Amino acid sequence: MPSANAALAAIFEDMARLTEVLGGNGFKVNAFVKAARVVEGLEQDVAGLSRAELVAIPGVGTGTADRMREFVDT
């Protein structure tokens, strides 16, 4: 797994845990967990994918794709 993917998966796992601890929306927690798993399973580097390519991946919605791009770009 490319290193950007590993870092991004860890970030999404942290976001899921923090959202859960803070009593956030369960659907958002599940979305963050799912995003972490999807990123871990990708063979290509997330850093090289466009927003449209990310959204085309099953389990990645527009909000998740936007967060992924934001993390990669900053």
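Which residues of helix 4 are buried? The buried residues of helix 4 are Thr 64, Ala 65, Met 68 and Arg 69. Buried here means under 20% relative accessible area, exposed means over 50%, and partly exposed lies in between (1.4 Å probe, protein chains only). Helices are DSSP runs of H or I with at least four residues, numbered from the N terminus.

The model is predicted: local features need pLDDT of at least 70, side-chain atom pairs count only at pLDDT 80 or more, and totals for chains, interfaces and linings use all residues. Residues are numbered from 1 along each chain as its sequence is written, and side-chain values use heavy atoms, with hydrogens and water left out.

Helix 4 has 12 residues, which should span 16 Å at 1.5 Å a residue. The end C-alpha atoms of helix 4 are 16 Å apart, in agreement. The expected span is 1.5 Å times one less than the number of residues in the helix. The buried residues of helix 4, Thr 64, Ala 65, Met 68 and Arg 69, cover an arc of only 135 degrees around the axis, which puts them on the same side of the helix. The arc is taken over the directions from the helix axis to the C-beta atoms. These buried residues pack against helix 1, helix 2 and helix 3. Contact means heavy atoms within 4.5 Å. On the other side of helix 4, Glu 70 and Asp 73 are exposed.

Arg 69 is a charged member of the buried set in helix 4. Its relative accessibility is 16%, so Arg 69 counts as buried. Leaving out residues up to four places away in sequence, Arg 69 touches Val 46, Ala 47, Leu 49, Ser 50, Arg 51 and Leu 54. Arg 69 also forms a salt bridge with Asp 73, with the closest N and O atoms 2.6 Å apart. A salt bridge is a side-chain nitrogen of Lys or Arg within 4 Å of a carboxyl oxygen of Asp or Glu. Both partners lie in helix 4, four residues apart, about one turn of the helix. Asp 73 has a relative accessible area of 53% and is therefore exposed.

The structure holds five salt bridges. Side chains of opposite charge can pair when their charged atoms come close. One of the bridges joins Asp 66 and Arg 51, whose closest N and O atoms are 2.4 Å apart. Asp 66 lies in helix 4 and Arg 51 in helix 3, so the pair ties together parts that are 15 residues apart in sequence. Both partners are partly exposed: Asp 66 has a relative accessible area of 36%, and Arg 51 has a relative accessibility of 39%.

Another bridge links Arg 37 and Glu 13, with the closest N and O atoms 2.7 Å apart. Arg 37 lies in helix 2 and Glu 13 in helix 1, so this pair ties together parts that are 24 residues apart in sequence. Arg 37 is partly exposed, at 44% relative accessibility. Glu 13, Arg 37 and Glu 40 are linked in a network of salt bridges.

Helix 1 has 19 residues, which should span 27 Å at 1.5 Å a residue. Its end C-alpha atoms are 27 Å apart, which agrees. The buried residues of helix 1 are Asn 5, Leu 8, Ala 9, Phe 12, Met 15, Ala 16 and Thr 19. Seen down the axis of helix 1, they fall within an arc of 120 degrees, so they line one face of the helix. Their cover includes helix 2 and helix 4. The face turned away from this buried side carries the exposed residues Ser 3, Leu 18 and Val 21.

Leu 22 lies in the loop between helix 1 (3-21) and helix 2 (26-41). Leu 22 counts as exposed, at 71% relative accessibility. Helix 1 is followed by Gly 23, whose phi is positive, near 75 degrees.

Conventions
Helix = DSSP H or I, 4+ residues; strand = E, 2+ residues; numbered from the N terminus.
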